[in-house]
Each structure stands twice: as structure tokens, then as C-alpha cells.
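User: Please go through this structure with me, one question at a time.

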Amino acid sequence: MLVLRYLASFYHYVNYEVSDPRVNDWFLMKTPWPGAAILGLYLMFVLKWGPKWMENRKPFQIDTIIKYYNLIQVVLCAFLFVEGFRLGYLRGYSFLCQPVDYSPTEIPIAIARRCYYYFLVKVLDLLDTIFFVLRKKQNQVSFLHVYHHTGMVMLVWSGVKWFPGGHGVFMGFINSFVHVVMYAYYFLTSANPKYKNNLWWKKYITQLQIIQFGMIFLQWFVLLFQPNCTFPKWPLFVILPQNLFMFCLFLDFYYQAYIKKKPPTVAARRSAELQQNGIHKSDSNGKSMNGDYNGKLTNGADCTKRNSSKEVSVTS
């Protein structure tokens, strides 16, 4: 009984006494339970209910929905990136130590609002995985993808609840820029199929994501050497390991997709055999290699994944 009383007291202290009172009345911010329910339903759907439901169904044709979803993401992320400049870094925000201004004045409240909007965008990002399931692309529902999307919702909710602004703004600022580039790529590939295999910058989006995690790690790491900085230090014990973990996972993905030598595909091996025998693809009974092999070309692992007629990053 004493333990339960202590836990109830601790919950009240963390959720109400030390949280930012300016955000408590905003949607999903009063307690963690609505957000936890959303994540619980999300995980159950993408890992269990959705695949089971789609098992004997054809993939949904939702290319148009996904195309406009990508465009909306570009607009929202561009807005947040510009607002980060306008309200923060153009007004003297420091990259080394920036305390949170909890005053109920115009600019601090506007910054807190933008942090909250960023949280809502992270909730919206969960649709990426749902689209995979509805299109029967369950192989793309990877551990990294689900872990990243789930973790971002939890992490950003906590940031808005306790320190909406200050040093933590940089993470949302740089991540919004990366997502502008990323979802612009998705939009182009979904809007026009001819771009699907012709956009050269897919590889560099992955590089940009890796650089992002490295920059966020360094920006939080410097707080360890700022003893007079009043921004709370306890988030370091969550954000530093999280970003280092994501950095390593994305780096491994990049290595597997673009550096590690991949074995030749079935079609490539067949083509080499024909060439060795003096036969060209065009000579093989008038059939193309894709015709002979029913188009069974295997792709190497990629750090980006399909979303409509495009590729969807495991994200950041």
C-alpha cells in the first residue's frame, strides 16, 4: 500500500507539478495515457491486427492518398523549419546552451506551440507504417522503422510536456529540414513514376539522416560541459543513448545498402552466361530477360522503403 501511495505521489509530481502548465490543456498533453493508447493501437495494428486482416485481401490502391500525404508533410515540415529560424535562431537562440523560457509571453508561448505542432507531426508520421500494412508491404515494417516512429512520439511528447523550447528546439529544427527533403523525394516519386528509378539523391537522403543524428548527439553532448546552463540535464540520459543507437542503426543500413558488395541477381547471372556464350539478351528467343524470369529481380536492402510508387525512409 505504501508503494502504491508513493507511485501515485510521484506520478502527480511529475505529471502536474514539474511539467509546463502552459501545455497541460492542449490535446493529448494533459496525461500520457491518450498518447500511450495511440501507440498501443498503432503497434497492435502494424504488427498483428493489420497483417492478419490483410492476409486474404488485395493491397489497397491508395497511391493518390499517399501522394497528397507526402505533399502535406513537405508543407508542415517546411513551416516548422522556417518557424525555428524565425522564432529561435534569428532571435539569438544558442546552439550550446539555451534555457527554456517558461514565461506566458508571446514569443515563448509561440515557441511552445511550434514544439507541440512538431509532436502532432510525429503522430501523423505513424501513417507511414499503416500505409505499408494496407499495401501488403509487411517486409518494410522493420524493427528500425517501428522503433524510430514509436520512440519519436514518446520522446517529443516528453519534450513538450516538460521543456517546450530552449535547447531541445534544435532536434525538431534539423529533423524538420531532413523531412522536407525526404518527403519531397517521396512526393516526386509518387507523383510521376518516371522519377522512381531516376532520382539520384536517394542515397544522399540516407547520408543526411545519418548526419542529422550525429549533429543532434553533439548538440546535446556539449551540455555536459556547460555546468552553468540552466537547461535540465536529465534528458541527456535518454537523448544521447537514443541518438547514438539510431546513428549506428542508420549507419549499418547505409553500409548494407550502398557499401557492402551484394551478390549478383538471378537476371544478372543469366545475362552474364548468355554473354559468355555469345548470346545477347535480345537474341534469346525474342524475349527480354524480364520476360524469361517473370520480372523476378531482387533488390538489395535499402535504408529507404516503398511508400506508394516511391520509397519511404525508416525515418527520421
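Analyst: A polar contact here is a pair of N or O atoms within 3.5 Å; within protein, one must be able to donate a hydrogen and the other to accept it, and residues adjacent in sequence count only if both atoms are side-chain atoms. The model is predicted, so local features need pLDDT of at least 70 and side-chain atom pairs count only at pLDDT 80 or more, while totals for chains, interfaces and linings use all residues. Residues are numbered from 1 along each chain as its sequence is written, and side-chain values use heavy atoms, with hydrogens and water left out.

User: Which backbone oxygen lies 3.3 Å from a polar atom of the side chain of R22?

Analyst: R22 sits in the loop between α1 and α2. Its side chain has a polar contact of 2.7 Å with the side chain of D20. The backbone oxygen at 3.3 Å from a polar atom of the R22 side chain belongs to D101.

User: Is R22 buried or exposed?

Analyst: Buried means under 20% relative accessible area, exposed over 50%, and partly exposed in between (1.4 Å probe, protein chains only). Leaving out residues up to four places away in sequence, R22 touches V100, D101, Y102, S103, P108, I109, A112 and P164, where contact means heavy atoms within 4.5 Å. Because its relative accessible area is 14%, R22 is buried.

User: How many helices and strands does the protein have?

Analyst: Helices (H or I, at least four residues) and strands (E, at least two) are DSSP runs, numbered from the N terminus. Along the sequence the pattern reads α-α-α-α-α-α-α-α-α-α-α-β-β. The protein therefore has 11 helices and two strands.

User: What percentage of residues 169-188 is helix?

Analyst: An unreviewed UniProt entry annotates 169-188 as a "transmembrane region", along with spans including 31-47; such annotations may be inferred rather than shown by experiment. Residues 31-47 are 88% helix and 0% strand, with end C-alpha atoms 26 Å apart. For residues 169-188 the end C-alpha atoms lie 29 Å apart, and the helix content is 100%.

User: Which element gives the most to the lining of the largest pocket?

Analyst: A pocket is an open set of points on a 1 Å grid over the protein atoms alone, where a 1.4 Å probe fits, with protein on both sides within 12 Å along at least five of seven lines; lining residues have an atom within 4 Å of a point. The largest pocket has a volume of about 920 Å³, the space filled by probe spheres set on points joined across faces, edges and corners. Of its 45 lining residues, the closest to the centre are L155, V156, W157, S158 and G159. With 11 residues, the element that gives the most is α6.
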